[in-house]
Amino acid sequence: MLKYTIKRLLGTIPMLILISIVVFSLAKLMPGDSLSGEIDPLNTNPEYIEEMREKLGYNEPLPVQYFNWITGFVQGDFGKSTKYKTDVFDIIMEKVPNTLLLGVISLIITYILAFSMGMYSGRRPYTIGDNAIAGINYIMLAIPSFVAAVVAIYFFSFHLNWFPFGGSVDILIEKGSFEYYLSKLHHVLLPALVLGAMGTASYTQFLRNDIIENSRKDFVRTARAKGTPIRKIYNVHILRNSIIPLVTFLGFDFAALIGGAIITESIFTYPGIGMLFLDSVTSRDYPTLMALTMLLSFLTLAGNLIADLLYGVVDPRIRLD
Amino acid sequence: MASSTTLTQQKKPERSLSPWQIARKKFLKNKLAMISSVFIIIVTLLSIAAPFLAQYLSPLPDIAKVNIGSMNIPPNSEHILGTDKSGRDVLTRLFYGGRISLLVGFSATLMVIVLGTIVGSIAGFFGGLVDNILMRFTDLVLTFPFLVFVIVLNTILYGIVDGLWVLIIVIGILSWGGVARLVRSKVLAEKENEYIMAALSIGCSPFKVIVKHLLPNVASTIIVQATLIFASMIVVESALSYLGFGVPQATPSWGIMLSSANEPDVLQGKPWIWMPPALILTLTILSINFIGEGLKDALNPKSLR
């Protein structure tokens, strides 16, 4: 296992380098100075631009520029935002907690929904309840997330007035107080619900099928013969075995959440990484855009890596080498 | 007389059904898939016929023109689904929107399938170094966060190529990885069969073996995958258009129509503007998915139905 982990970790290094080269080339294709953001785009004096270009090393050959950029990036120097005039690193760090909160809450919602539905379906397969759950899941899978978000805002925010329809916290509340955190939770709940409900289908169906399969195994028959209550067999014996494969989904969720966050955050005007990303595109804040692209690619890669590694940890039957 | 007819009937032995005929029979029996197919056909026909239908649907058939006199009219007998904030008829735009959404979805799917099949079949058939290089490249494409790169590439290419095609090409370039992996795994299993060896031994070129012998046997998998990709491509197009990074703003696609719900005023008070595209989009996706599931069942020789 250790050997495989090291091998897999080393395998991601060329991937990271390749991705960084792609991002670098894309940044170079973008108009203007899109990596450091030091050149003021409003100052069109050719002498100023030439001076800055020389100072920033833009007249160096491309490989040297790439090397300078990547060494800076690894050390946390993401350049300067042309819109906010401060370090991109600080801007991103300011938004990370919001996205993290959204991601965690939506994952919890996914798990709660999927477990209750999956366990119900798995225990009573081919009944009306099971079919209804399968139907609901199918429809949730088909509805595009942004349509679901718009409809959710329409019903829950405007008609029922249960949730606020934008932002991450009430502006008037003092920072750090108990109400502040409560308001934060209140704001994150609706986007998290939309994001979380979208991911339940695969979990639920996987859990259902796994429970059905496990319920036919020998250990279940033994438990029954010994007189264990059916409820205990399902909730303890079978569930323990069925949860394990689900762990591997976590890594892929990571990647899916990134895409989901971009859409949901922008619809709910929730100030997180996704919205910052879209904002940087519309305001042509290229340094922020490129730093985020690099960061999100890195996170996706990490998610895939975690999924792969968990796969081996969870199921020792899979031969890794 | 009677005995002679039975004799002639016996002389003509009934041919057993070909795999495709069996699949067709199974598909026709699947009610959900059939209803979905009819729905999709109707939506497609209405979209194609939009320019001819427009003059009969409403008094304002021009979808590009802003009509100041008739802004935000709720549904009535003249405008069945009302008009939007620029005074354009919603129903007419809905049909025109179908053209764009289906066109983008279809072209992107075609591109994804063609690219994925080429890469996957070459990698699977030749194996070895070719396989290794192509698959590592596929891995790389698969690691890119899709939405992020679509938006970045779109920003770069915007203005160089015509708006609609930028989107199709960008989506196509970024999403063929899954198909390539799938086709490769199928080809790997299929090429071990004797008929491939036979074809090679009588001197068929690799190209001919792939196109004539391998691909027809992988086709059913590709068809099912294409259906499911078609649905997801329509979602991608509308989601990007909704966010403002898809087709140009002036083009009436379902995503663009939905993006008017960004204004709280429209979202809250004028549901007739955004609800029709939301509904038809969801129904279309649902139908395509049902067709895909139906095809999967029909083309699977092991399924009982």
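Welcome to this predicted model. In chain B, 68% of the contacts between residues at least 6 apart in sequence join residues at least 24 apart. Chain B is built from 14 helices and zero strands, and it meets chain A in a contact that takes 28 residues from chain B and 33 residues from chain A. The points below start with chain B, then turn to the contact and to chain A.

**Chain B as a whole**
- Reading along the sequence of chain B gives the pattern α-α-α-α-α-α-α-α-α-α-α-α-α-α.
- Of the 305 residues in chain B, 40% are buried.

**Where chain B touches chain A**
- The contact draws on 28 residues of chain B and 33 residues of chain A.
- On the chain B side, the elements giving two or more residues are helix H6 (128-143), helix H7 (146-157), helix H11 (206-243), helix H13 (264-269) and helix H14 (271-299).
- By class, this side of chain B has 22 nonpolar and six polar residues, with no charged ones.

**Transmembrane regions listed for chain A**
- An unreviewed UniProt entry lists residues 9-27, 100-120, 132-156, 188-207, 243-268 and 288-314 of chain A under "transmembrane region".
- In the model, residues 132-156 of chain A are 92% helix and 0% strand, with 24 Å between the end C-alpha atoms.
- Residues 243-268 of chain A are 88% helix and 0% strand, and their end C-alpha atoms lie 32 Å apart.

**A look at helix H11 of chain A**
- Helix H11 of chain A covers residues 249-267, which is 19 residues.
- From its first C-alpha to its last, H11(A) reaches 26 Å, close to the 27 Å expected at 1.5 Å a residue.
- H11(A) also has a kink of about 30°, centred on Gly260(A).
- Most of H11(A) is covered, with 14 of its 19 residues buried.
- Just after H11(A) comes Thr269(A), which takes a positive phi of about 40°.

Technical notes: Residues are numbered from 1 along each chain as its sequence is written. Chains are lettered from A and ligands numbered from 1 in the order in which they are written. This is a predicted model: local features need pLDDT of at least 70, side-chain atom pairs count only at pLDDT 80 or more; totals for chains, interfaces and linings use all residues. Helices (H or I, at least four residues) and strands (E, at least two) are DSSP runs, numbered from the N terminus. The expected span of a helix is 1.5 Å times one less than its number of residues. The bend at a residue is the angle between axes fitted to the seven residues ending there and the seven starting there. A residue is buried if 20 or more other C-beta atoms lie within 10 Å of its own, exposed if 12 or fewer, and partly exposed in between; C-beta atoms are placed from the backbone. Two residues are in contact if their C-beta atoms, placed from the backbone, lie within 7 Å. Ala, Val, Leu, Ile, Met, Phe, Trp, Tyr, Cys and Pro count as nonpolar, Asp, Glu, Lys and Arg as charged, and the others, Gly among them, as polar. UniProt positions are given in the numbering used here, feature names are shortened, and annotations may be inferred rather than shown by experiment.
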